[in-house]
Amino acid sequence: QRIAGLSAEERARGVLAVEPGHESLARLDANLALNSLPQVKVVRAALAAEPGTAHLFHVQLGDDQQAYSLMPESGATESETVPVTTLDLLAAQEDLS
């Protein structure tokens with residue numbers, strides 16, 4: 001599925017996408033390739049208050065198979081273990097200021 005274009009400013013400075021879910025990550029990568037968006041850097045991680053790992057629960061929301069939650073009470077029956085970082089750590093690692 002083609003997505004709306006990025007502004008000239010966004011293309012010039014790049015885009016950082018954070019996606020923890022395996023299935024969503026695969027779809028994002030496919031869309032980035034389809035739309036020729038090499039300036040988008042994808043980080044496979046969840047964002048939370050503390051770094052480490054977490055269970056990312058797959059939540060069924062109608063036809064949306066890419067609904068996720070880090071909260072176990074979400075009613076999900078499947079999960080995957082994902083890396084977790086904080087926004088501050090990610091900003092420092094990516095030299096964002």
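**A loop residue and its neighbours**

User: Where in the chain is Thr86 found?
Analyst: This is a predicted model, where local features need pLDDT of at least 70 and side-chain atom pairs count only at 80 or more, while totals for chains, interfaces and linings use all residues. Residues are numbered from 1 along each chain as its sequence is written, and side-chain values use heavy atoms, with hydrogens and water left out. Elements are DSSP runs numbered from the N terminus: helices are H or I with at least four residues, strands are E with at least two. On that basis, Thr86 sits in the loop between β6 (78-85) and α3.

User: Why does Thr86 count as buried?
Analyst: The cut-offs go by relative accessible area: buried is under 20%, exposed is over 50%, and partly exposed lies in between (1.4 Å probe, protein chains only). Thr86 counts as buried because its relative accessibility is 12%.

User: What hand does the crossover from β1 to β2 have?
Analyst: Two strands pair if DSSP finds at least two bridges between them; β1 (residues 15-18) and β2 (residues 40-43) run parallel and share four. Ala17 faces Val42 there, and Val18 has Val43 as its bridge partner. A crossover is right-handed if, with the strands pointing away from the viewer, the path from the first strand over the helix to the second runs clockwise. Here the chain passes from β1 through helix α2 (residues 22-34) to β2, and this β-α-β crossover is right-handed.

User: In which sense do strand β4 (residues 52-61) and β6 pair, parallel or antiparallel?
Analyst: β6 also pairs with β3, over two bridges in the parallel sense, with Val84 as the partner of Ala46. Val84 is the bridge partner of Gly52 too. Over seven bridges, the sense in which β4 and β6 pair is antiparallel.

**Loops and backbone**

User: What is the phi of Ser36, roughly?
Analyst: Ser36 lies in the loop between α2 and β2, and at 56% relative accessibility it counts as exposed. It is not a glycine, yet its phi is positive, at about 50 degrees.

User: How far apart are the C-alpha atoms of Pro38 and Gly14?
Analyst: Pro38 is in the loop between α2 and β2. Its relative accessible area is 75%, so Pro38 is exposed. Along the chain Pro38 and Gly14 are 24 residues apart, and their C-alpha atoms are separated by 8.6 Å.

User: How exposed is Asp95, in relative accessible area?
Analyst: Asp95 is in the segment after α3 (87-93). Although not a glycine, Asp95 has a positive phi of about 55 degrees. It counts as exposed because its relative accessible area is 67%.

**The chain as a whole**

User: Which element has the lowest mean pLDDT?
Analyst: pLDDT is the predictor's confidence in each residue, from 0 to 100. The chain mean is 84, and 79% of residues reach 70 or more. Where pLDDT is low, the predicted coordinates should not be read in detail. Strand β3 (residues 46-47) has the highest mean among the elements, 95, while the lowest, 60, belongs to helix α1 (residues 8-13).

User: What share of the 97 residues is buried?
Analyst: Among contacts between residues at least 6 apart in sequence, 66% join residues at least 24 apart. Of the 97 residues, the buried share is 27%.

Notes:
Contact = heavy atoms within 4.5 Å.
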